[in-house]
Every structure is written in C-alpha cells, then in structure tokens.
Amino acid sequence: MSFTKITEQDSKYNELENMSVSQLLTNINTEDKTVPLAVEKALPQIEELVEQVVIQLKKGGRLFYMGAGTSGRLGVVDASECPPTFGVSHELVIGLIAGGEAAIRKAVENAEDSATQGWADLQGFNINENDFVIGIAASGTTPYVLHALNICTEHNIPTGSITCNASCPISVAAKYPIEVIVGPEFVTGSSRMKAGTAQKLVLNMISTATMIQLGKVRGNKMVDMQLSNDKLVDRGIRMIQAEIPVDHSEAERLLKEYGSVRAAITFYLNGN
C-alpha cells in the first residue's frame, strides 16, 4: 500500500537551534493554530463515528481506545476522565496502551511493533460485538493497533480510528476512520505536538458528545459527576441551587443525602 506519511515530512522551519525563545514559541503557536481547522474538516467523520459509538453503548457495549506512545496515553487520559466527569463505570470507556500500565509513564521498547498483543489485550476484556474499538495512531501504521482492528472486523466488532495521515493502513482497516491532516510537525516527526493536539481535541469531542447523547448532562451541567473533593462538592451545591429554589444549606443537605446532583434535583422535583 502506498500513501504519503505527512507526519514524517520535514518541518517548514529550519535551524531551530538558532531561534530565540520568543521565535520558537511564536512559531510553535503559529503551527498549533492550524490544528482546530484540520479537526473542523474531519467533523463529518467524527459525527458518523460518535453516532455509532452511542448505538453500541446503548446496547450495553463498551468503548475501547487503543494506541502506542503519545496516542495510547491520550486515550488512557480521556478514558480515565469519563467516570469522574460523567459518573459512569470505569468499565464503560477503557484505554489500552501498547506495553501496558508501565508504558503510561515510560516508553516500553518495541511494544507498538507487536502484531498480536493488541488483540490479546482486547481479549483480556472479553471483547464482543456490542463493543466499539477506536485505534489511535498519528502515523496510521502502528502494528499494535492495525492488527487488532483487522481482527475486530473478522469478529464483527465495529471499529474506528484517529490518524493524521490520509489513506493510511489503519484508516483502511477501520470502519469509521477519522483523519485529521495537520501537516508536518514543528520538530520533524515529533507527533506529540500538532498530531497529539488534534487527537486530544477529537477524543474530547467523542467522549463528551457520546456522554451527552447518553443523558449524562442536564442543560449544560455535569449532574452525574463524582463528588471527589471539596471543589466539586461546592460546584454541586451551586448546580442544585441553579436548578431548584433552595438555599445553600438545603442544597448541601440534599447533595449529601442523595449523593449526586441529579438525584438531589430529581428528588426535589418529584416531591414538590
């Protein structure tokens, strides 16, 4: 298969070592500004993927992110934020990274080159046809991701992808590919930069839009968020006061008694 690996092309800038700090930051910022525009072009692809993810999750399925290096870490981060933000189970959105937990903090040599470990990792979660698997890879060629997506297709498990090279192998393997073409990196080949930013933006869109579609937001508030610290408890109290006519102390009492903003508001509205 022949395709252009834009993520590996030479930077538009040269002699970076001779730039001042101001020049470096300005040029990096100039490149970063192009990322949301590239994401905008991919909105139809993102929409199609999210709609299918919602269908799968409503059937009782789970959403899996899988990648290596920066891509894998971004998937793990997005998955880990879903329970505290939306009050869902840690088993609903799962992030897998080549090399396992250790690879979140330190690179694991050759982990992304395995043609079998990706599928093995998914099998560890008893992957099935109700689930949805998204492969994340800036290059669009990572074996850990590519071979797992191919085997998912063989088992009728729907797949998507987030890549930064057009018509790459992973895009071809995925049923719902998302391609965000951000162009060459400021530092040649450093896909943790624009490509990583693009992947983060798309992941934000996927998880947030999906959770809203699943009813995890009321109005514009995170009414199912976990009350894991004083800041969030205070936010919850203010959210309750914005929804129902109670003072601070009553809102605090309701929140403590019912354990979530949604439950407190629901109880009050049903009882009055």
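Mentor: Start with a term. A polar contact is a pair of N or O atoms within 3.5 Å. Within protein, one atom must be able to donate a hydrogen and the other to accept it. Residues adjacent in sequence count only if both atoms are side-chain atoms.

Now the model, which is predicted. Seven residues from domain 1 and five residues from domain 2 make the contact.

Next, the area. Between domain 1 and domain 2, about 450 Å² is buried. Carbon and sulfur atoms give 44% of that area. On the domain 1 side, Pro84, Thr85 and Gly215 lose the most area to domain 2. Together these residues make up 63% of what that side buries.

What kinds of residues does domain 1 bring to the side that touches domain 2? Four are nonpolar, three are polar and none is charged.

Then the pairs. Four residue pairs are in polar contact between domain 1 and domain 2, with both residues at pLDDT 80 or more. The count of salt bridges between domain 1 and domain 2 is zero.

Last, a record. An unreviewed UniProt entry lists residues 53-216 as "domain: SIS". That span is 41% helix and 15% strand. The end C-alpha atoms of residues 53-216 lie 15 Å apart.

How values were computed:
Residues are numbered from 1 along each chain as its sequence is written. This is a predicted model: local features need pLDDT of at least 70, side-chain atom pairs count only at pLDDT 80 or more; totals for chains, interfaces and linings use all residues. Side-chain values use heavy atoms; hydrogens and water are left out. Contact means heavy atoms within 4.5 Å. Buried area is the accessible area (1.4 Å probe) that two parts lose on being put together, summed over both. A salt bridge is a side-chain nitrogen of Lys or Arg within 4 Å of a carboxyl oxygen of Asp or Glu. Ala, Val, Leu, Ile, Met, Phe, Trp, Tyr, Cys and Pro count as nonpolar, Asp, Glu, Lys and Arg as charged, and the others, Gly among them, as polar. UniProt positions are given in the numbering used here, feature names are shortened, and annotations may be inferred rather than shown by experiment. Helices (H or I, at least four residues) and strands (E, at least two) are DSSP runs, numbered from the N terminus.
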